[in-house]
Amino acid sequence: MAIIYEQTPGALIATPGRTVNSFESGIIRVDRTYVCATSSAANYRDVLVLGGVAPDNDAYPTLDGLYIHPTPNEVERGDGFTEFRVSSYGRLTTSSPDILINVRNHNQELFINNTGSIKYSVYEPSGTITLRYDQVLNFESLNLPNDILMPFNLRLFETTSADYTFSSIVELGKPFSANNLFYAELQRASDQLYSIRSSIDSTRNSLIQTYTATFTSPTAPDRVVSFWVYLPEVTITSQNVFGAFSEVKFNSIRDNGGYARES
């Protein structure tokens, strides 16, 4: 059946049949055909280009726009009209919709009085995320929920006869970089003073978060322990580029943070 186009002369018209495909990574592809008078086709070749914004401002259901990839196909139909067959990509989320978690266990000896050690577990996340062209994969861009970052299964091992039970944990301040000179010097001085070697590597650019955990005992005063925990160090395992967006698979590690001491 013939289609009659009644619109502004020379306009680029979206035809019926918009197709939307979503993928597990959160990336989305939209396919649509646009038509214009062949005499006006040259006006749109400079607009419908690789990396350009998809026409007609219809970015639904994406989070931050649709961008053309690959270069559209142009077909002159021979009836006075030219078709542009356009694929464009966007994303539905800024976080990973399919996070997997590995559990890693750590142990830190206590500074100063050396009356025990603190043991804890952390999650090492992996998964797939869709990033925009102006983003890089790092801890911040993962937008990880706090329950994945927080240490868990905390235990205080005593050299005395007191029996302690974990009570609570809180964050102290903002994450800092392991190569921050102030903290590196603090760590160096602590190692010298207490002759305990920490696993902190001050040459790394990794982020560290300080936590304070409280342990209680029915027969002894509470013990409050502050300790450092590495936030996930992220590594790309594979990457597929779709114009302005990349589908990135990643994994991570979380080394022992060191520097456990009683507050």
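Leaving aside the neighbours within four places of it in sequence, S88 is in contact with I28, R29, V30, A54, L66, Y67, I68 and H69. In this predicted model, S88 is found in strand β6, which spans residues 81-91. Because its relative accessible area is 3%, and buried means under 20%, S88 counts as buried.

Strand β6 has a pairing partner in strand β5, formed by residues 73-76, and the two run in the antiparallel sense, joined over four bridges. Within this pairing, E74 stands opposite F84 of β6. The two strands form a hairpin with four residues between them, and in this hairpin G78 adopts a positive phi near 90°.

| Property of the protein | Value |
|---|---|
| Residues that count as buried, of 263 residues | 44% |
| Contacts joining residues at least 24 apart, among those between residues at least 6 apart in sequence | 67% |

As for secondary structure, the protein contains four helices together with 15 strands, and β6, the strand in which S88 is found, covers residues 81-91.

Notes:
Residues numbered from 1 in each chain as written. Predicted model: local features only at pLDDT ≥ 70, side-chain atom pairs only at ≥ 80, totals over all residues. Heavy atoms only, no water. Buried < 20%, exposed > 50% of the residue type's maximum accessible area, 1.4 Å probe, protein only. Contact = heavy atoms within 4.5 Å. Pairing = 2+ DSSP bridges.
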